[in-house]
Amino acid sequence: MKLPLRAVLAAACLSASALAQQDLHARLLPITAPIRRAGVYRVATGTWVRHASLANVTGPDTIYNNTCGSAYFTRMTPTEAFQHRSRLPSTTGPTTPSVYYGTSRHDEVPGSLDAYLVNGFQVAYCSSATTTVDWRYDFADSCTTCGTNMGSTATVLATGLPGGSPTGGQHCWIIDIDVSGIPGGGILLSADGDGTYVGPSSVETFGWSFSQNQALSAFTGPLVAGDYTWTGGAHSGPLTPCTGTDGTIWDNPINLNEEGTGMSSTDLFRDAATPGPVSAPSGPGCYYFGGNPHADFWLELYADPGSTQPNPLTPFCFPGEGGIHACTTCVPANPPSAHGRGCDNYGQTTGGALLSAAGFSRVSHDTVVFTSSFENNTSFTILLQGTATSNTVFGAGVRCASGLLKRLYLGNAGSAANGDAAGMFHRPGPADPTSVHAASLAKGYDIAAHAPVTLYYLAYYRDPGAAAHCGAAATFNASQSGSISWIQ
């Protein structure tokens, strides 16, 4: 069941019930200065690229857009963190017509992946500080209530950001924050909290939190955004509502230049201590702005979800290349049919096996799936993991994984139980969905305890026809090898 699983996730908000909402309308201040772009802040180097936009350097896809109807910002005290929740759609998510436009536009649609590598995000705030401003941003895969403090799977510190004018006048800024250079290439967030939609949408939400990382007495705080009843101008003006897919790649047609209101975004947030007393009316708890405007804050998330999941495997150990043993110990020789494959099979000539992988090689978000193709159609295949490299003749093939060896998965290539095509071995899969790091732990090697660590993989399999050509003991063959770098 999904909710009990989330109850134990470190990134989840762990309370089962939310506190009653309290009105924080008195904190709202009008935006009286132009909202200007400050440029791109690169977290990996702590440097600025002035007058730049993340649309030109990362992304390029917008997977979350909450920028609609900014007329106010809300001041924060130095001891507060505002924590909000909204939704990133998984492939199993629903299609929900707009509450304003009906089926011609949508507030929710399915996503393209079940986890997204966020390589940049955009925030906005106003300040009258005469110094620079420091911010801390946190993200959590799953956050289902504002009743308790949000956990964190990723923390970003952005220091030396612009404040107000030298005389204490209000300046308002849009900041693009590039996280593509941090370990792992960004912030990995599971869609719908844990990769699968069960519903309702109000509990399929990620969390994000922000706080000042310094003590400022001046009025400084985030832009209030995401009001889906209007997109600018006076509140009494004509209503042109935003939807949950506007300004993102989930919209149809896609228009990344328009404003949007975050998908399934909540009209409440948590005001939390970080640490110390909170000067909100009643201390830490759930707040809103009395229903007008929507209690949400400016945020865009950027990724590249239009592509397949990343390939974590770096192939190496190509027979006959770069000093690796050639496929010449058998008679006749069985060289691979193309670069990148293992030594060719005997009996059923398929050109040599090929090991590939897809997914995120983070122990905390292990979605790695291995596929070995072009074995003999009825062969028994083993996925092998090693802690070191070698260059060893291995049956009718070559093995370049060594050290502490573990047989992670066993199965038949082309097994109907795996849903695999003939000549293909696929793990994890329906027959054995165990994640790679869990399978490794079960075999006695804890990837989490060693991460960051690079491990080495290959598939080897029965090739009965090889014995007549390579010796009685050489009844198997192997794919090329590949390495995967694991991080926490």
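In what order do the three strands of the open sheet stand? The order is 22-25-30, and the pairing is antiparallel. Welcome to this structure, a predicted model in which local features need pLDDT of at least 70 and side-chain atom pairs count only at pLDDT 80 or more, while totals for chains, interfaces and linings use all residues. Residues are numbered from 1 along each chain as its sequence is written, and side-chain values use heavy atoms, with hydrogens and water left out. The structure also holds six disulfides and three cavities of 30 Å³ or more.

**Strands and sheet**

- Strands here are DSSP runs (E, at least two residues), numbered from the N terminus, and two strands pair if DSSP finds at least two bridges between them.
- In the open sheet with the order 22-25-30, strand 22 (354–358) and strand 30 (424–427) stand at the edges, each with a single partner strand, so one side of each has no neighbour in the sheet.
- From one strand to the next, the twist averages 15°, with axes taken as lines fitted to C-alpha atoms and angles running from 0 to 180 degrees between N-to-C directions.
- Strand 25 (residues 369–373) and strand 30 run antiparallel and are joined by four bridges; Thr-371 has His-426 in strand 30 as its bridge partner.

**A hairpin**

- Strand 27 (residues 388–394) and strand 28 (residues 397–402) run antiparallel, with five bridges joining them.
- Phe-394 has Gly-397 in strand 28 as its bridge partner.
- Strand 27 and strand 28 form a hairpin with two residues between them, and Gly-395 in the turn has a positive phi of about 60°.

**Disulfides**

- A disulfide is a covalent bond between the sulfur atoms of two cysteines; here the term is used for a pair of cysteine sulfur atoms within 2.5 Å.
- Cys-68 lies in the loop between strand 5 (61–66) and strand 6 (72–74), and Cys-242 in the loop between strand 17 (220–224) and strand 18 (269–273), so the pair ties together parts that are 174 residues apart in sequence.
- Are Cys-126 and Cys-172 buried or exposed? Both Cys-126 and Cys-172 are buried, a word that stands for under 20% relative accessible area, with exposed meaning over 50% and partly exposed in between (1.4 Å probe, protein chains only).
- Cys-68 also counts as buried, at 0% relative accessibility, and Cys-242 is buried with a relative accessible area of 4%.
- Cys-126 and Cys-172 form a disulfide with their sulfur atoms 2.0 Å apart; the torsion about the S-S bond is about 105°, so this disulfide is right-handed.
- That pair links distant parts of the chain, 46 residues apart: Cys-126 is in strand 11 (residues 120–127) and Cys-172 in strand 14 (residues 171–178).
- Cys-317 and Cys-400 form a disulfide as well, with sulfur atoms 2.0 Å apart; the torsion about their S-S bond is about 70°, so the disulfide is right-handed.
- Here too distant parts of the chain are linked, 83 residues apart, with Cys-317 in the loop between strand 21 (313–316) and strand 22, and Cys-400 in strand 28.
- Cys-317 and Cys-400 are buried.

**Cavities**

- A cavity is a set of points, on a 1 Å grid over the protein atoms alone, where a 1.4 Å probe fits but cannot get out, and lining residues have an atom within 4 Å of a point.
- Grid points are joined across faces, edges and corners, and a volume is the space filled by probe spheres set on the points.
- The largest cavity holds about 60 Å³ of space, and its lining includes Val-123, Trp-135, Phe-210 and Trp-298.
- Strand 11 supplies the largest share of the lining of the largest cavity, three residues.
- The lining of the largest cavity has eleven nonpolar residues, no polar and no charged, where Ala, Val, Leu, Ile, Met, Phe, Trp, Tyr, Cys and Pro count as nonpolar, Asp, Glu, Lys and Arg as charged, and the others, Gly among them, as polar.
- The second largest cavity has a volume of about 50 Å³, and of its twelve lining residues, Gln-83, Cys-143, Thr-145, Cys-146 and Arg-270 lie nearest its centre.
- Strand 7 gives the most to the lining of the second largest cavity, with three residues.
- By class, this second lining has five nonpolar, five polar and two charged residues.

Technical notes
1 Å grid on protein atoms, 1.4 Å probe; cavity = no way out; pocket = protein on both sides within 12 Å on 5 of 7 lines; lining within 4 Å.
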